Amino acid sequence: MPSSCALGRALLATIAALAACTSTYGKPKAYDYVPRDVVEIARFEVRSGAEVVGLLLQLEIRDPSGPLRYWRVETTAGAWAGHATEQGRFSRRVPFREDEEDLGMWPMTHGVARVLGIAGPVRLQAVEKPASEPSARPMR
């Protein structure tokens, strides 16, 4: 007859084998793979002196778990230059790379200036969204 220690080890090995067979990932929720609407909350011209040097958009992703707000910095040509979080962490887009360059945390005017490569702070002036743009669009 096997000893109780050997039975305990065999039982432990069986439990471990059964645990390895079960998945720790649950079935994804249906909304996990559905596009989310992105809504523009506010729009600002970025000015250096009298010159408009870019655009700052506050956007909101309409996620089922709750709204996700962030900022996008664009050049005057409409190219995405970088992003900022609600907490003030800035990043700059880098050509031919998937990830962005982290610029750290800054007050809004300093961070936007860094994203656009402008020395010194810039001024932000609220502007209206053009009527031709939709208010919400699916995120891709």
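**Salt bridges**

I searched the whole structure for salt bridges, taken as a side-chain nitrogen of Lys or Arg within 4 Å of a carboxyl oxygen of Asp or Glu, and the search found nine. The model is a predicted one, in which local features need pLDDT of at least 70 and side-chain atom pairs count only at pLDDT 80 or more, while totals for chains, interfaces and linings use all residues. Residues are numbered from 1 along each chain as its sequence is written, and side-chain values use heavy atoms, with hydrogens and water left out.

I looked at E60 next. E60 forms a salt bridge with R62, with 2.5 Å between the closest N and O atoms. E60 also forms one with R69, where the closest N and O atoms are 2.8 Å apart.

For burial I used relative accessible area: under 20% is buried, over 50% exposed, and in between partly exposed (1.4 Å probe, protein chains only). E60 is buried at 6%. R62 is partly exposed at 43%, and R69 is partly exposed at 39%.

I then checked D102, which forms a salt bridge with R89, the closest N and O atoms being 3.0 Å apart. D102 lies in strand β6 (residues 101–105) and R89 in strand β5 (residues 89–92), so this pair ties together parts 13 residues apart in sequence. R89 is partly exposed, at 37% relative accessibility.

**Layout**

I counted helices and strands as DSSP runs numbered from the N terminus (helices H or I, at least four residues; strands E, at least two). The protein has two helices and eight strands. Along the sequence the pattern reads α-β-β-β-β-β-β-α-β-β.

I counted a contact when heavy atoms lie within 4.5 Å. Of the contacts with a separation of 6 or more, 36% are between residues 24 or more positions apart.

**Nonpolar cores**

I looked up nonpolar cores, meaning sets of buried Ala, Val, Leu, Ile, Met, Phe, Trp, Tyr and Cys residues joined through side-chain atoms within 4.5 Å. The largest has 14 residues, and V46, L56, V73, F90, V112, V115 and L116 touch the most other members. Two or more residues come from each of β2 (51–63), β3 (66–75), β4 (80–85) and α2 (108–116). The largest share, four residues, comes from α2.

Which residues does F90 touch, not counting those up to four places away in sequence? I listed H83, A84, E101, D102, L103, G104, W106, P107, M108, G111, V112 and V115. A second, separate core has five residues, among them V38, L55, L57 and L59.

**Aromatic pair**

I searched the whole structure for aromatic pairs and found one. The rule is that rings of Phe, Tyr and Trp (its six-membered ring) pair if their centres lie within 6.5 Å; planes under 30 degrees apart are stacked, over 60 edge-to-face, and the rest tilted. The ring centres of F44 and W71 are 6.1 Å apart and the planes are at 45°, so this pair is tilted. F44 lies in strand β1 (residues 37–48) and W71 in strand β3, so the pair ties together parts 27 residues apart in sequence. W71 is buried, at 11% relative accessibility.

**Surface**

I noted the totals last. The protein has 140 residues, of which 27% count as buried. The accessible surface, by the Shrake-Rupley method with a 1.4 Å probe and, for residues, only the protein chains shown as cover, comes to about 9700 Å². Carbon and sulfur atoms hold 59% of that surface.
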